[in-house]
Amino acid sequence: MIKIKTPAEIELMRESALLVSKTLGMIAAEVKPGVTTLYLDKLAEEFIRDNNGIPGFLGLYDFPNTLCMSPNAQVVHGFPTDVPLEDGDIISVDCGVLMNGFYGDHAYTFEVGEVNQETKKLLQITKESLYEGIRQFRAGNRVGDVGFAIQDYCEKHGYGIVRELVGHGLGKKMHEDPEMPNYGRKGRGKKFKDGMVVAIEPMVNMGTHKINQLKDGWTILTADRKPSAHFEHDIAIVNGKPELLSTFDYVYKALGITSNEEDEFRKTH
Ligand code: MG
Ligand code: MG
């Protein structure tokens, strides 16, 4: 059942989402060759607790860390490790926070040092596909409209859309209805209305869409071991339109990037 949020609940959820945004911004400044993902995980846990939040993934389905850290061919759900990041790596960082009784959940794929052009393009297209999907998350549209937009955009570039993992409704639980696949058919699935809050999160592979899961029961890898990217935002429908609760502003500030990509989805009321 889809849980509709009141305007007051959406404002509480914005606080949870923004704490994740700030955590990713803090991490952005620390990602560099030689740093371990376990070190970044500890920084994130401290930062979240210092800001009156609870790490949202820690202990959820028995996940042992604050961040999911998935380098290179890992798609999602990788564990932080003591293996240092290397120049040319990419690292997908997914972070959850529980605050005010509501979850925030968003993700960014960072470049480590100098990344090759082919990989840079994968990150750019994956992030653009996220906004293609968000644009379709409006009252009257359906789940399939978002999935179609993401799939169409990425497949045009020859990339593979992961099928087995999907976005989701967000609220007092990390994973609520509806499921939000990154593939689909226009006009199919549940209908959107005001007060719905979801996490949209394309997981996009440079090569095949096929994946493997490691025996650890968590880590998802591309079947061809080519790189994979993951970007995720939290979005509410307000006055019929998609409004971002999370933001990459803190990441961009840390990285010295200027962007107007979120402008059309900002709060206006
Ligand atoms: Mg996430
Ligand atoms: Mg999610």
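This report describes salt bridges in a predicted model.

Local features need pLDDT of at least 70 and side-chain atom pairs count only at pLDDT 80 or more, while totals for chains, interfaces and linings use all residues. Residues are numbered from 1 along each chain as its sequence is written, and side-chain values use heavy atoms, with hydrogens and water left out.

Side chains of opposite charge can pair when their charged atoms come close. A salt bridge here is a side-chain nitrogen of Lys or Arg within 4 Å of a carboxyl oxygen of Asp or Glu. The whole structure holds 14 salt bridges.

Helices (H or I, at least four residues) and strands (E, at least two) are DSSP runs, numbered from the N terminus. Glu243 and Arg14 are both buried. Buried means under 20% relative accessible area, exposed over 50%, and partly exposed in between, with a 1.4 Å probe and protein chains only. Arg14 and Glu243 also belong to a network of salt bridges with Glu11 and Lys267.

Glu45 and Arg49 are both in helix α2 (residues 37–50), four residues apart, or about one turn of the helix. Glu45 is buried, at 19% relative accessible area, whereas Arg49 is partly exposed, at 41%.

In the remaining listed pair, Asp263 is partly exposed at 44% relative accessibility, and Arg266 is partly exposed at 34%.

Notes
Chains lettered and ligands numbered in written order.
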